[in-house]
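Subject: Structure for you to look at

Hello,

Here is the structure I said I would pass on. My notes on it follow below.

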Amino acid sequence: MKEIINNKISAENICPIDKIEEFEKIKNPEELLSFMKDNITYGFVGKDNEKIYSPKQKRWGVGEQPEQKLQSPEEILKSGHGTCWEQTEFEKQWFAKNNFEFKTFLLMFKEDISQKNPAHTFLVYKKDDDWYWFENALDKHNGIHKFDNLDDLIENVKVKLINNAINYGATKDDIKKYKLCEYDTPAYGCSTDEFISNIIDNNPPLISEK
């Protein structure tokens, strides 16, 4: 683990066959969340150098950051790291395989993404008559959160992301420019800018600035 955090091992050199087998045995969303908590850390893989970048590194977030590569679910298992949109894709693979009704969303404030103006993707699923927000990439909000309906779920996520953005310096004007888009599977290997623009271009906002 020390070598990974120090950025000396590329994602392609890690081959966790046992993790693939463990993933295949997951029976329910609670087991999936536990698996992800133990095996997937927030971070990303550089598009050009295939190196792993993690918040545990000393210079995380300092200076210009390398361009990110959108990993496939299989690549996330290899690297053990993933951004919110990569972890959403990983989750989607399990929920689709197990025949759940689910949706994936992008919520953002501005297209020029920064810590002050973050973008977040997340997966929701339906069980019986309730909707659940499944989250493993949003720190203190990680978990499975139950709601009576989808509208209440979306509003709850929006409020939490707005509060996070304000804590990092987002302005009232920034907050007014939020967009919510439902989207399908993106093109793996694309950059962050390509990921965001493809969603915005191909999926009209469900909610946008007034």
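Where does Asn-99 lie? Asn-99 is in the loop between H5 and strand S6 (101-108). Please keep in mind that this is a predicted model. The rest of my notes start with the whole protein and then come back to single residues.

Overall picture

The protein has 210 residues, of which 47% count as buried. Its secondary structure comes to eight helices and 10 strands. Among the contacts with a separation of 6 or more, 59% are between residues 24 or more positions apart.

Helices H3 and H5

Two packed helices are described by the angle between their axes and the distance between the axes. For helix H3 (residues 29-39) and helix H5 (residues 84-97), the axes come within 11 Å and cross at roughly 145 degrees. The crossing of H3 and H5 is right-handed. On the H3 side the contact is made by Pro-29, Leu-32, Phe-35 and Met-36, and on the H5 side by Gln-87, Phe-90, Glu-91, Trp-94 and Phe-95. By type, the residues in this contact of H3 with H5 are seven nonpolar, one polar and one charged.

Trp-94

Trp-94 is found in helix H5. Its relative accessibility is 2%, so Trp-94 counts as buried, the cut-off being under 20%. Leaving aside neighbours within four places in sequence, Trp-94 is in contact with Phe-23, Ile-26, Lys-27, Asn-28, Pro-29, Leu-32 and Phe-100. With one of these, Lys-27, the separation is 67 residues in sequence and 9.6 Å in space, C-alpha to C-alpha.

Asn-136

Asn-136 lies in the loop between strand S8 (130-135) and strand S9 (143-147). Is Asn-136 buried or exposed? Asn-136 counts as buried, because its relative accessibility is 9%. The side chain of Asn-136 makes a polar contact of 2.7 Å with the side chain of Gln-87, and Gln-87 is also one of the H5 residues in the contact with H3. Not counting residues up to four places away in sequence, Asn-136 touches Leu-33, Met-36, Lys-37, Ile-40, Gln-87, Glu-91 and Asn-142.

Most residues other than glycine have a negative phi. Asn-99 has a positive value, near 60 degrees. Asn-99 is exposed, with a relative accessible area of 70%. Asp-139 is not a glycine either, and its phi is positive at about 50 degrees. Asp-139 sits in the loop between S8 and S9, the loop that also holds Asn-136. At a relative accessible area of 68%, Asp-139 is exposed, whereas Asn-136 is buried.

Ala-187

The last entry concerns another loop. Ala-187 lies between strand S10 (179-182) and helix H8 (192-202). Its relative accessible area is 44%, so Ala-187 is partly exposed. How far apart in space are Ala-187 and Leu-70? The C-alpha atoms of Ala-187 and Leu-70 are 7.9 Å apart, while in sequence the two residues are 117 residues apart.

Regards

Methods: Residues are numbered from 1 along each chain as its sequence is written. This is a predicted model: local features need pLDDT of at least 70, side-chain atom pairs count only at pLDDT 80 or more; totals for chains, interfaces and linings use all residues. Side-chain values use heavy atoms; hydrogens and water are left out. Helices (H or I, at least four residues) and strands (E, at least two) are DSSP runs, numbered from the N terminus. Buried means under 20% relative accessible area, exposed over 50%, partly exposed in between (1.4 Å probe, protein chains only). A polar contact is a pair of N or O atoms within 3.5 Å; within protein, one must be able to donate a hydrogen and the other to accept it, and residues adjacent in sequence count only if both atoms are side-chain atoms. Contact means heavy atoms within 4.5 Å. Axes are lines fitted to C-alpha atoms, for helices over the stretch in contact, and angles run from 0 to 180 degrees between N-to-C directions. A crossing is left-handed if the near helix is turned anticlockwise from the far one by less than a right angle, and right-handed if clockwise. Ala, Val, Leu, Ile, Met, Phe, Trp, Tyr, Cys and Pro count as nonpolar, Asp, Glu, Lys and Arg as charged, and the others, Gly among them, as polar.
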